[in-house]
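Subject: Structure handover

Hello,

Here is the structure I promised to pass on. My notes on it follow below.

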Amino acid sequence: MLPMKQCPACSAQYDDVIKFCAKDGRALRSVSLAPSRLCPHCANSIAEDAAQCPYCKAELGPAPAPEWLIRNERPQEMKLHSEDKASMPKITLIAGIILCAIAVALLGTGLLGRDESGDTRRLLAEKVKELQIKEEQIKAVEAELVKVRQETEALKARLEESEKEHAAAEQRLSGINRELQRRSARPAQVEPRSEPRPVERAPAPSRSARRAAEPGVYETTRATEVHEQPGESSPVISRISRGTRVNVVRSDGDWLEVISKRGNPPGFILRDDTMLVGASN
């Protein structure tokens, strides 16, 4: 026999896989396969040591059990004279009653089984519906998580871009600070160097009469060199191609002092190699 479970309230029996009673919702308990007997009142199968029938609620105490109803005995004159022949109708009657009781019990069990099967199907359908609802909720939460993850990635990308811009701004500010420090530390007049210097190009007479150049945006008309100090003998720090626009902050004779927006060190270029294209902002 398969393991069974029984309701402690109504004593209904279920398969071992079912956990709750379909009638009153009570938790089922496992029942041991103890020896059973038939109730003398309702003929249902009960435990051998049961004190009360769980079906008809009859007390099964130490009092003698009532006898099964049997047909009235025939008149004495109709009994057979043989003792063996007289006992056969009684045995047949008892066997018939027992078979009827078993049939009734089986019929009741079948009906109960059908009811229990229907209740089981209903419970399973409810559980399946609950699982489907939970699955939909889980899918919705997963979709929200994907959306949050995408927003987080976008925020991270914007943050990285902002950090790069901030680093570039700090680098430009550092270059400007170095230039300001260099200007403040630069002497008013450049001391002549002791080492021999190449002969500088003699300025044209027209250049001496020029007025100071206006600060602003200039564009180179030819490729030129950027010197560290105003003078061709000064070291060359960079070279500028034709058509390059530079920011001029002041002039020193024929030389224009330029400042790079890309963090390059400032220097001087020849005024004749440039032309003014716009005033400074």
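First, a term for the surface. A nonpolar patch joins Val, Leu, Ile, Met, Phe, Trp and Tyr residues whose side chains lie within 5 Å, each with over 30% relative accessible area and no salt bridge. Accessible areas come from the Shrake-Rupley method with a 1.4 Å probe, and for residues only the protein chains shown count as cover. A salt bridge is a side-chain nitrogen of Lys or Arg within 4 Å of a carboxyl oxygen of Asp or Glu.

Two notes on the source. This is a predicted model, so local features need pLDDT of at least 70 and side-chain atom pairs count only at pLDDT 80 or more, while totals for chains, interfaces and linings use all residues. Residues are numbered from 1 along each chain as its sequence is written, and side-chain values use heavy atoms, with hydrogens and water left out.

**The surface patch**

L38, I94, I98, L99 and I102 make up a nonpolar patch on the surface. Together they have about 420 Å² of accessible area. Helix α1 (residues 83-185) gives the largest share, four residues. Helices here are DSSP runs of H or I with at least four residues, strands are runs of E with at least two, and both are numbered from the N terminus. L38 sits in strand β4 (residues 36-38). The cut-offs are under 20% for buried and over 50% for exposed, with partly exposed in between (1.4 Å probe, protein chains only).

**The cores**

Nonpolar side chains tend to be buried together in soluble globular proteins. I use "nonpolar core" for a set of buried Ala, Val, Leu, Ile, Met, Phe, Trp, Tyr and Cys residues joined through side-chain atoms within 4.5 Å. The largest one has nine residues: A213, Y218, V226, I240, V246, V248, L256, V258 and I269. Strands β9 (245-252) and β10 (255-259) each supply at least two of its residues. A second, separate core has seven residues, including C7, Y14, C21 and A22.

Look at V248 in the largest core. What is V248 in contact with, leaving aside its neighbours within four places in sequence? The list is P215, G216, Y218, L256, E257 and V258. Contact means heavy atoms within 4.5 Å.

**Salt bridges**

A search of the whole structure finds 10 salt bridges.

- E257 and R250: their side chains meet at 2.5 Å, N to O. E257 is in strand β10. E257 counts as buried because its relative accessibility is 0%. R250 is partly exposed, at 31%.
- E179 and R182: the closest N and O atoms are 3.0 Å apart. Both residues lie in helix α1, three residues apart, about one turn of the helix. E179 is buried at 8% relative accessibility, whereas R182 is partly exposed at 29%.
- E126 and R122: the closest N and O atoms are 3.3 Å apart. These two are four residues apart in helix α1, so about one helical turn separates them. E126 is partly exposed at 38%, and R122 is partly exposed at 40%.

Which residues are linked in a network of salt bridges? They are E179, R182, R183, R250 and E257.

**Loops and backbone**

Most residues other than glycine have a negative phi. Two residues here go the other way.

S11 has a positive phi of about 65° although it is not a glycine. S11 lies in the loop between β1 (4-6) and β2 (13-15). At 14% relative accessibility, S11 is buried.

K57 is also not a glycine, and its phi is positive, near 60°. K57 belongs to the loop between β5 and α1. K57 is partly exposed, at 47% relative accessibility.

E59 is in the loop between β5 (45-47) and α1. E59 is exposed, with a relative accessible area of 59%. Leaving aside neighbours within four places in sequence, E59 is in contact with H41, A51 and Q52. E59 and H41 are 18 residues apart along the chain, and their C-alpha atoms are separated by 9.6 Å.

Best wishes

Key. Patches are made of residues with over 30% relative accessible area and no salt bridge: like charges are joined within 9 Å, nonpolar side chains (Val, Leu, Ile, Met, Phe, Trp, Tyr) within 5 Å.
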